[in-house]
Amino acid sequence: MELTGAGLTLEQALINLRQTQDTGLRYYAAWWLGKFRMSTPEAIDLLLLALEDELDRSPDGGYPLRRNAARALGKLNEPRVVPALVRCLDSTDYYVREAAAQSLEQLGESSCVPALVQLLAGGVEAAVPVPGKPHLVQPYEAILEALGRLGTKAEISHIEPFLEHPVQKVQFAAARALYQLTQESQYGERLVQGLQAEKLPLRRSALIDLGAVGYLPGAPAIAKTLAENSLKLISLKGILEDHLRQQQDPLTLSSDSIQVMQLMDDLL
Amino acid sequence: MSDLNSSIQAVHAASSPGSLIQAVRQLAQLQDPDAIPMLIEVLGYNNPGAAIAAVEGLVKLGDVAVPILLNNIDSYDYGARAWANRALAEIGHPHALENLLEAASNDFALSVRRAATKGLGSLQWSKLPPEKQKTAQEKALQALLQISVDVEWVVRYAAIVGLEGLAQQQPAFVGPISEHLQQRGNGEPQLAVQARVVLALQRLEEKVP
């Protein structure tokens, strides 16, 4: 059988995922199926089964195999996995909920929007850290980003309060979602302000968000941020491509797209 | 104490990322060739603001910095190497050709490759003796043509910028480079790179008599 990378074959990955003796092999196989986009019916079936796994448990009660299976299913473009991923949004494991929200976003599946909104219940007041854990009670960034991509203006009132959440990355995720839902520049400008954040990881986060939503007026500020040129280039590429796709003929160059390319040229 | 010594001392003494940037800017402003080794050292400090200031200082000093840069390329720190190649690319002295060719084609770090690749298109060929110019330009052209089909989008993007720059300088290349870009554009999977091809072709079209 043809070898497809990282030492596994599709056949072997399926065998590894089906067996239950070695949790490490299962964990790796689930990742591998997603990474190499193995969307055969059998792979999907086994990953769906892995979402219910009880054997692989982390010391804190988490479900490592379920996390990897949920992440993999987001890459396989198979609508029948959606109900199972929506059920994962209620998992007791934070990282399973996070992976499920990200995968549902990747799958472009709007039917999960009510379930995502549910996770915002209690609003900002309820969005507090879990004592002793490096995360909040819900994966708010993933939820907000997914709502920005999948939601409608009906969700705005649920998202807007998170602009004032004490965690800046959550604020960015809210701004990103609101920009996607409204195209209002006030939200893009919130992200542009984020480029001035004191901490580099926050500036990086704002760069990625601006590129992801294609906020064209942010291009000059992106070029000037104190961060790696590699990230700035990726961000500007996102903006350029978004702008090109909005045109009737993507390859008719507007003065805006030429300006973005000029900025990119200077960052090489 | 001389301005140079006190500025160098300020760079060493800087205790925060902000004060380092400030100190490097001041050192760069002196435009003193004796500051070159210190400016090159800063490229390895992993502080983008300071590195940008150091690169600007080196570029302002120009050709005099080239041999020192070439002798001090850090083979163990790809961050520093990327900044050094960016400085060499911006100064544009053709003595950097061999270094840029090697970095553009063979470095493992994308940041190094894209900086060097762009630089191959913007060397000031007239600084070479006339009989050597054509061969040197041919080398740059061959390398850029090869790099333009790289697997990484950012390297292909840089190769297009490089090819456009080369054609702007060598009228004999306008035809072959335009033709190559035309073909590249058709098979290019990334929209941003496709757009850069279109921009290069538009600019080169104006060059065709």
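Start at the boundary between chain B and chain A, where the rule finds 1 salt bridge (a side-chain nitrogen of Lys or Arg within 4 Å of a carboxyl oxygen of Asp or Glu). Select Asp265(A) and Arg196(B): they form a salt bridge, with the closest N and O atoms 2.8 Å apart.

Before moving on, note that this is a predicted model, in which local features need pLDDT of at least 70, side-chain atom pairs count only at pLDDT 80 or more, and totals for chains, interfaces and linings use all residues. Residues are numbered from 1 along each chain as its sequence is written, chains are lettered from A and ligands numbered from 1 in the order in which they are written, and side-chain values use heavy atoms, leaving out hydrogens and water.

Next, show the whole interface. The contact (heavy atoms within 4.5 Å) takes 23 residues from chain B and 22 residues from chain A. Together the two chains bury about 1900 Å², 67% of it on carbon and sulfur atoms. Buried area is the accessible area (1.4 Å probe) that two parts lose on being put together, summed over both. Now pick Arg114(B), Trp153(B) and Leu191(B). They supply 28% of the area that chain B buries against chain A, more than any other three residues.

Finish in the largest nonpolar core, which has 169 residues. Such a core is a set of buried (under 20% relative accessible area, 1.4 Å probe, protein chains only) Ala, Val, Leu, Ile, Met, Phe, Trp, Tyr and Cys residues joined through side-chain atoms within 4.5 Å. Select Leu33(A) and Leu69(B), which touch the most other members. Around Leu69(B), look for its contacts, among them Ile40(B), Leu58(B) and Ile91(B).

Terms used: Buried < 20%, exposed > 50% of the residue type's maximum accessible area, 1.4 Å probe, protein only. Lists of a residue's contacts leave out its neighbours within four places in sequence.
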